Amino acid sequence: MPTTVSSTKFGAYGGQYVPPELKKVLDNLDRELKLALKDSKFKKDYKKLMADYVGRPSPLYLAENLSKDLGASIYLKREDLNHTGSHKINNTIGQALLAKRMGKKKVIAETGAGQHGVATATAAALLGMECDIYMGQIDADKQRMNVHRMQLLGARIIVVSGSLKEAVDAALDAYVKDMSVYYLLGSVVGPHPYPFMVREFQKIIGEETRAQILEKENRLPDYLIACVGGGSNAMGLFNAFMQDKNVKKIGVEPAGLGLSTGKHAATLTLGKPGIIHGFRCYLLQDEKGNPAPVHSIASGLDYPGVGPEHSFFKDTLQAEYATVTDKEALSAFKLLSEKEGIIPALESSHAVAHAITLAKAHPGCVMIINLSGRGDKDVEYVLGLDKNGEEDETD
């Protein structure tokens, strides 16, 4: 039976709802993480790889064409320019270094869009570790190029039926059966200490952004905008600005085919508190309280839960959460490509779409979009959509 832990990290959310044997492993991980974060050599190694291997700092780019058209100053935090093409590498390098420090020989991970899988496989290759990646069949079909990339990097891909939720289920099952491996979780979700740990490795995004916007504009932005599935790229951006009450933080969830259709993944918008994958958060649920089926054009947002800290932010009004449909995201995907010569990931396109709406309503504002990933992985899939941008209903 799961152990219910009342002490949580983020108000009523987070915690560890796990079997006793897994709680012992997680508590040890928590201790090892705290020691590592205080270790000067660990921090030096991480920063060196962020600079020399990942290519940080990533640029903060003024999208001049889009800004001119919309009458606002629109900046893009270019996480798409990181090695492997997304923000995911910030976290996988950190966790892989920690796994190595703990003497682990193998890492396992889940992936949706494949970006976390690619980043995990990359970190494992770099540090000489074995790597298993669990991926849902729906996502593997959508993201065939990323499957090939992971295999090229030496990872073993285990494809399961379903999408991201089912991939997490399978990865957790494998972890419970063999806790000698290191489970490298990809977002600010899961039982403690994972939400805290992933945020710690992703907060470099916001720290860089804050310094960059002050240098470029001599002021803080009016808006920060980032897509939210599990929520790691948004948390990475928001964290450095949490004391800045005049900076509005907006997370953008997938409305899919429309909120009224039931085919969406708008967890914070329409969900209610529940437990999934060992932690408490806002959760899309069926009438029995089980995680509900979800849908998004973006595989990386296709998850019925969300980070517990985002759940806390929603309740305490420290951040706002909006929704964008598949069609709106696809339109933004094409617009940014045509206007700026930058092809965004479909996940990031949700943030771009909401930013476009916001800029029209607030002329003269300064906003920063976290461009969390590049869209190379999505080009083949987008080309396969019909002229209206709608997916095959068999998905």
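Predicted model: local features only at pLDDT ≥ 70, side-chain atom pairs only at ≥ 80, totals over all residues.
Local features here need pLDDT of at least 70 and side-chain atom pairs count only at pLDDT 80 or more, while totals for chains, interfaces and linings use all residues. Residues are numbered from 1 along each chain as its sequence is written, and side-chain values use heavy atoms, with hydrogens and water left out.

**View 1. Helix H2 (residues 40–54) packs against H4.** Helices are DSSP runs of H or I with at least four residues, and strands are runs of E with at least two, numbered from the N terminus. The angle here is about 140°, and the axes lie 10 Å apart. Axes are lines fitted to C-alpha atoms, for helices over the stretch in contact, and angles run from 0 to 180 degrees between N-to-C directions. H2 and H4 are therefore oblique to each other (under 35 degrees is roughly parallel, over 145 roughly antiparallel, 65 to 115 roughly perpendicular, and the rest oblique). On the H2 side, look for Phe-42, Asp-45, Tyr-46, Leu-49, Met-50, Tyr-53 and Val-54; they meet residues of H4 including Ile-89, Ile-93 and Arg-101. Contact means heavy atoms within 4.5 Å. By class, this contact has 10 nonpolar, two polar and two charged residues (Ala, Val, Leu, Ile, Met, Phe, Trp, Tyr, Cys and Pro count as nonpolar, Asp, Glu, Lys and Arg as charged, and the others, Gly among them, as polar).

**View 2. Helix H4 (residues 88–101) also packs with helix H9 (residues 194–202).** Their angle is about 115°, with the axes 8 Å apart. H4 brings Lys-88, Asn-90, Asn-91, Gly-94, Gln-95 and Leu-98 to the contact, and H9 brings Tyr-194, Met-197, Val-198, Phe-201 and Gln-202. Five of these residues are nonpolar, five polar and one charged.

**View 3. The largest cavity holds about 400 Å³ of space.** A cavity is a set of points on a 1 Å grid over the protein atoms alone where a 1.4 Å probe fits but cannot get out; lining residues have an atom within 4 Å of a point. Grid points are joined across faces, edges and corners, and a volume is the space filled by probe spheres set on the points. Of the 32 lining residues, His-87, Lys-88, Leu-164, Ser-187 and Gly-300 are the closest to the centre. The lining has 10 nonpolar, 18 polar and four charged residues.

**View 4. The second largest cavity holds about 30 Å³ of space.** Among its lining residues are Val-168, Leu-172, Tyr-183, His-277 and Phe-279. This lining divides into eight nonpolar, two polar and no charged residues.

Note on methods:
1 Å grid on protein atoms, 1.4 Å probe; cavity = no way out; pocket = protein on both sides within 12 Å on 5 of 7 lines; lining within 4 Å.
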